[in-house]
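Reader: I have a structure here and some quick questions. Can we walk through it together?

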Amino acid sequence: MTAITLDHEHEHHGPPHGLRRWLFSTNHKDIGTMYLIFALIMLFMGGASAMLIRMELFMPGLQLLEPDLYNNLVTNHALLMIFGAVMPAAAGMANWMIPLMIGAPDMALPRMNNLSFWILPAAGTMLILSFVVPFFPGGGTQINTGWTLYPPLSIQVGMSMDFLIFAIHLLGISSVLASINIIVTIFNMRAPGMKLMQMPIFVWTWLVTAFLLILVVPVLAGGVTMLLFDRHFGTSFFNAAGGGDPVLFQHLFWFFGHPEVYILILPSFGILAAIVPTFSRKPLFGYNSLVGGMIAIMVIGMVVWAHHQYTIGMSLGAVSYFMIGTIIISIPVGLMVFNYMATMWKGSMTFETPMLFAVAILLMFSFGGLTGIMLAVVPADMQYHDSMFVVAHFHYVLLPGAVFGLFAGVFYWLPKWTGHMYNERLAKIFFWTNVISFNATFFPQHFIGLAGMPRRIVDYNVMFTEFNVISSLAAFVFGLSHLLLLYIIIDTIRRGKQAKDRVWEGAEGLEWELPSPPPYHSWTTAPVLAR
Amino acid sequence: MSETADLGRRKRRTMWWLGLLALGMFGFGFAMVPLYGLICNVTGMQSVDGMSDLGRRMATAGEGPGAEERWVTVKFDTTMHPELPWSINPMEGKIRVRLGESRVVNFVAENHSSQSITGQAIPSIAPWQANGFFSKLECFCFSQQTLAGNERKDMPVRFVVSPDLPPEIDSLTLSYNVMRLQGGTLAAAQ
Ligand code: HEM
Ligand SMILES: [Cu+2]
């Protein structure tokens, strides 16, 4: 799909100057940039909490953290990474790329776009306050529940939990607004003649993700609202003594929580669908089956949530259903992986950094999928549940599946966004340290998990020491490697050499028809699609 | 010009139905509260109470030869909520019971404070696989209990273990979590 662009250089007015440009921005590129910067800041904060966790776990016994503080860090780490880093980064990419890819001048609802971004710093502040408040006199107890916030414990936590509940409300509102905006854009703003089935897969993944967000985030909001009511207004949604049921919260949480994992990976899979064909110099294999696969993931993904709750005592019929459903989902997920592999098959591949990430992602994500299938098997999960094995599983799917995919996207599109090429040598050093230290951090956790080390506990049996030492040391390298990422990004913006319009020789799509960086207002006249 | 007005209308229409969808899902979360109990009852998923019905059904149905000869150990356990200055202890920590036979154990409850306090006991069975096969015919957990200041009271529990209890289970535990009620709701735990 190439575009014959006649004139799109309508730079009548550039960006406004100073703070107003950002505060009142309705420009999808500026808002996308702000999302990405916000996500990067949150990545470092979430990383800092992870470093503290690994420092404590370096040795058995209690060294530097109180048990409640340790658990508060675990909670905080998960929420910062999921809601602060991955989701905003993916939203930033959507903002930047969707209008460029579908030939739209901007997002459909630019003011709402401004709102959905500017809610985030407020929500992030609330989230961080929920961690900080217990350090002050009268601040109550730490949030020691983990990110799942199960009652009754979450009803007993001090007022920091109220900060967290409001933070979740705000984050939810922000992502629902952003999702509405994305769907309205995709449905109404495509260049004339671009059918849904001709959109780049990245746009498709975001369409599905946005629907998922609208379907499940409000349910989480409802769940935490009930939590708030139970805490302060004497209701008994989750109070056994008043006729409620704490397990109901688990159902509400996982009704959101399981689809959420697809919300986290789908945009990154969309990025892979752009990267893999470019560096294989072949068209994407099986476009239709990718679209079908992700719709199947969305539908089935919404009805398998209770595989996180096998141990609550469901009937045999219920656990069997959830087990089979969970295993079935791995079919469309696997299909997407196989499509990318088939795209590489017999292609003339080169391994620039985005492609290195793509190949590594497919390998490591598939491994995480396999441990997922182990966990899906009910009798096995009775043993693995709440062990470090689960921690290893979800880091193997989440880091490659979501985070590394975003890194790949940053390297792939950074030249387009900034107009400058990044330093390929540094980027390759970053790739190798990042991926090797990631594996050294999380691979040992499979073994200690299988051997019985529970998760979310500050201390452990001395027999687990060696693997925890390896895991911690590698984690410090992994954490520090992100400073290199930060350096590469700053270096690119400051000193990178001018990038070509079509940055990568094999790249296809409307975004490459525009100059690098694209003008402040792009596609003010819709591109004409060549058939 | 009319084309842009048209685009505006289309955008607004999509926006509204998506907004309604989001609101609907928020409502769905709350609708889960009644639906949840309903689904559990209809499908027989989980729910200790619903399952004890099943147990009663099976207690009469399962009268195979030799079934009456099986014995299991039933242990008792109670946990008081930190806010509740009570103790509730079984007269015997564990007993051997014959399947299909109804037995009574007495629990002694005592209020250690000088005020009258209402509490509610929540029963559970371990292992959970035994849930459907243990039925309580009489229990202080069926209703709220009020103990006057320093009152001491005997509270009997009558139960039957179904002869259909899966053969691999030879011991089970009946456990009570007892919570304090204030004005019909659980006391704030702080
Ligand atoms: C083949 C696909 C997958 C299967 C069969 C699968 C299965 C499971 C199961 C059964 C659990 C519950 C384990 C337990 O708590 O005992 C689990 C946990 C988890 N999975 Fe997966 N999974 C798959 C893919 C994914 C993906 C793609 C992601 C995210 C990108 C993911 C993220 C998680 C997370 C975050 C948890 C832990 C949640 C928590 O307890 O905090 N999984 N998975
Ligand atoms: Cu799941």
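Author: We will go through some helix packing, a few single residues and a sheet. Keep in mind that this is a predicted model.

Reader: Good. Start with chain A. How do α8(A) and α13(A) pack, at what angle and how far apart are the axes?

Author: Helix α8 of chain A covers residues 246–280, and helix α13 of chain A covers residues 388–418. They pack at an angle of about 50°, and their axes are 8 Å apart.

Reader: What do you call that arrangement of α8(A) and α13(A)?

Author: Oblique. An angle under 35 degrees would count as roughly parallel, and 65 to 115 as roughly perpendicular.

Reader: Is the crossing of α8(A) and α13(A) left-handed or right-handed?

Author: The crossing of α8(A) and α13(A) is left-handed.

Reader: Which residues meet there, in α8(A) and in α13(A)?

Author: From α8(A), the list includes A:Leu264, A:Ile265, A:Phe269, A:Ile275 and A:Phe279. On the α13(A) side, A:Val397, A:Gly401, A:Gly405, A:Gly409 and A:Trp413 are among them.

Reader: Next pair. At what angle do α9(A) and α10(A) cross?

Author: Roughly 155°. Helix α9 of chain A is residues 287–301, helix α10 of chain A is residues 316–344, and their axes come within 9 Å. Over 145 degrees counts as roughly antiparallel, so that is the word for α9(A) and α10(A).

Reader: Which hand does the crossing of α9(A) and α10(A) have?

Author: Left-handed.

Reader: Who touches whom between α9(A) and α10(A)?

Author: In α9(A), the residues include A:Leu290, A:Gly293, A:Met294, A:Ile297 and A:Ile300. They belong to a contact with α10(A) residues including A:Ile328, A:Pro332, A:Leu335, A:Met336 and A:Tyr340. The contact of α9(A) with α10(A) divides into twelve nonpolar, five polar and no charged residues.

Reader: Single residues now. Is A:Asn95 buried or exposed?

Author: A:Asn95 is buried, at a relative accessible area of 4%. That value is under the 20% cut-off for buried. A:Asn95 sits in helix α3 of chain A, residues 67–102.

Reader: What does A:Asn95 touch?

Author: Leaving out residues up to four places away in sequence, A:Asn95 touches A:His28, A:Ile31, A:Gly32, A:Tyr35, A:Met107 and A:Asn113.

Reader: And A:Leu227, buried or exposed?

Author: Buried, with a relative accessible area of 0%. A:Leu227 is in helix α7 of chain A, residues 201–232. With residues up to four places away in sequence left out, its contacts include A:Leu149, A:Pro151, A:Ile165, A:Phe238 and A:Phe249.

Reader: How far is A:Leu227 from A:Asp245?

Author: A:Leu227 and A:Asp245 are 18 residues apart in sequence and 12 Å apart in space, C-alpha to C-alpha.

Reader: What about A:Glu466? Buried or exposed?

Author: A:Glu466 is exposed, with a relative accessible area of 55%. That is over the 50% cut-off for exposed. A:Glu466 is found in helix α15 of chain A, residues 465–495. Between A:Glu466 and A:Ser348 there are 43 Å in space, C-alpha to C-alpha, and they are 118 residues apart in sequence.

Reader: Switch to chain B. How many helices and strands are there in chain B?

Author: Chain B has two helices and ten strands. From the N terminus on, the elements run α-α-β-β-β-β-β-β-β-β-β-β. Chain B has 190 residues, and 39% count as buried.

Reader: What is the strand order in the four-strand open sheet of chain B?

Author: The order is β2-β4-β8-β6 (chain B), with antiparallel pairing. The edge strands are β2 (86–90) and β6 (134–138) of chain B, and each pairs on one side only. On average, neighbouring strands of this sheet are turned by 30° against each other, direction ignored.

Reader: How many bridges link β4 and β8 of chain B?

Author: Nine, in the antiparallel sense. Strand β4 of chain B spans residues 102–111, and strand β8 of chain B spans residues 152–161. B:Phe107 stands opposite B:Met155 in β8(B), and B:Val104 stands opposite B:Arg158 in β8(B).

Reader: And over how many bridges do β6(B) and β8(B) pair?

Author: Four bridges, again in the antiparallel sense. B:Phe134 has B:Val161 in β8(B) as its bridge partner.

Note on methods. Residues numbered from 1 in each chain as written. Chains lettered and ligands numbered in written order. Predicted model: local features only at pLDDT ≥ 70, side-chain atom pairs only at ≥ 80, totals over all residues. Heavy atoms only, no water. Axes fitted to C-alpha atoms, helices over the stretch in contact; angles between N-to-C directions. Left-handed = near helix turned anticlockwise from the far one by under 90°. Contact = heavy atoms within 4.5 Å. Buried < 20%, exposed > 50% of the residue type's maximum accessible area, 1.4 Å probe, protein only. Pairing = 2+ DSSP bridges. Nonpolar A, V, L, I, M, F, W, Y, C, P; charged D, E, K, R; others polar.
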